[in-house]
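Hi,

Here is the structure I promised to pass on to you. Have a look at it first, and then read my notes below.

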Amino acid sequence: MNLVGPEADALDLGAVFRALADEHRRSVMTELAADRSDSERGCNSFNLPISKQTQTHHFRVLREAGLIDEIDYGNRKGIRLRRADIEKRFPGLLALLGAESPGGTAPR
């Protein structure tokens with residue numbers, strides 16, 4: 001079962017910025033943006049130093065902002081970046097995220 005966020009045309013810049021304001025969510029998005037293959041990833045494939053419950057919250061926020069899709073397999077979830085939708089609505093946003101260093105700051 002796919003857990004999907006809003007349609008591409010309904011993506012809200014404020015919701016996207018609020019989702020990206022958190023360092024853990026931004027680090028997930030930075031990793032996803034840098035991976036041009038856009039392959040599905042497992043929730044636990046991200047190096048997040050937080051509890052599973054907190055990870056679930058962060059992935060829900062990203063999904064509700066329209067940045068990722070979650071695929072529910074029952075005992076695990078897959079994460080996929082909505083690259084085409086994000087590029088259509090906010091051109092250049094993923095390039096900015098992809099240019100961020102893993103520590104959460106843009107290169108100088």
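Before the notes, one term: two parts are in contact when they have heavy atoms within 4.5 Å of each other. Angles here run from 0 to 180 degrees between N-to-C directions.

Please keep in mind that this is a predicted model. The protein chain has an average pLDDT of 89, and 92% of the residues score at least 70. Among the elements, helix α1 (residues 13-20) has the highest mean pLDDT, 96, while strand β1 (residues 2-3) has the lowest, 72.

Let's start with the sheet. It is open and built from four strands in the order β1-β3-β4-β2, with antiparallel pairing. At its edges are β1 and β2 (41-42), each of which pairs on one side only. Two bridges join β2 to strand β4 (residues 77-81), and Arg41 stands opposite Ile79 in β4.

Now for the helices. Helix α3 (residues 52-64) packs on the sheet, where it touches β1, β3 and β4, and its direction makes about 125 degrees with that of β3. Helix α2 lies across β2, β3 (68-72) and β4, and runs at about 65 degrees to β4.

Enjoy exploring!

Notes. Residues numbered from 1 in each chain as written. Predicted model: local features only at pLDDT ≥ 70, side-chain atom pairs only at ≥ 80, totals over all residues. Heavy atoms only, no water. pLDDT = per-residue confidence, 0-100. Pairing = 2+ DSSP bridges.
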